[in-house]
Amino acid sequence: MMTIPNILTFSRIILTPFFIFSLFADFPYSKIWALVIFMVASITDAYDGYYARKYNMVTASGKFLDPLADKILVSSAFISFAVLGLIDYWMVGLIIFRDLFVTGLRITMSAKGFTMLTSNIAKAKTGTQITIIITTLLFLGAKGFLEFSLLKEIIGLLIEYSVIYYLTGAVAVFTLYTGLTYVYENRKVIEKLFT
């Protein structure tokens, strides 16, 4: 069913390959284009849910596709950063493992007729992930403007103190923590699944 929310969700999936291409491309301002594409895709995430709720267009397909589109976009960004050598693969592993685990748990619970309690901290998780991705893209984009002395100094400090690396590590650990809160808050239902 092609409602406005679903179109916005699909656009996020469609934009992901263009984001990855721009991130690894070598044409002028390619990293800036990657940033712009990622931000546009992130904005669709805010508006698909808004339209779905406001105009009563919440569908089962939308509930499935929306988080899937988020995971495709965000995971693609973190995997790309690892390939570029900005972060370690263990960080990406934690983030993807948490998302796959929670998604699998949600599907299992739904199949058994249970509803997973959504943790408020999950929104904070998404916010921190988007923030560190945008920060990293700004870092990569700014490296193309090193002729400006102030930017050169800022980039130098970020590299010297491995700021992107440590911030992403903190986000990865926080992401894992949010997965544990899902398990804790749904522990009674999980017990029923295995009894």
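This short talk walks through one protein model, from its overall build to one helix, one surface patch and one arginine.

Please keep in mind that this is a predicted model, in which local features need pLDDT of at least 70 and side-chain atom pairs count only at pLDDT 80 or more, while totals for chains, interfaces and linings use all residues. Residues are numbered from 1 along each chain as its sequence is written, and side-chain values use heavy atoms, with hydrogens and water left out.

The C-alpha atoms fill a box of roughly 60 × 35 × 25 Å, taken along the principal axes. Of the 195 residues, 38% count as buried, and here buried means under 20% relative accessible area, exposed means over 50%, and partly exposed lies in between, with a 1.4 Å probe and protein chains only.

Now to helix H2, residues 30-54. How far apart are the end C-alpha atoms of H2? They are 36 Å apart, which agrees with the 36 Å that its 25 residues should span at 1.5 Å a residue, since the expected span is 1.5 Å times one less than the number of residues. Among the buried residues of H2 are Ala-34, Leu-35 and Phe-38, and the buried residues of this helix pack against H1, helix H3 (60-83) and helix H5 (121-142). Just after H2, Asn-56 takes a positive phi of about 55°.

H2 also gives the largest share, three residues, of a nonpolar patch. Phe-27, which sits in the loop between helix H1 (4-24) and H2, is partly exposed, with a relative accessible area of 32%.

Finally, let us turn to Arg-98, which lies in helix H4 (residues 89-111). Is Arg-98 buried or exposed? Arg-98 counts as buried because its relative accessibility is 4%. A polar atom of the Arg-98 side chain lies 3.5 Å from the backbone oxygen of Thr-175. Leaving aside neighbours within four places in sequence, Arg-98 is in contact with several residues, including Ala-122, Lys-125, Leu-176 and Tyr-182, where contact means heavy atoms within 4.5 Å.

Definitions and conventions. Helix = DSSP H or I, 4+ residues; strand = E, 2+ residues; numbered from the N terminus. Polar contact = N/O pair within 3.5 Å; in protein donor to acceptor, adjacent residues only side chain to side chain.
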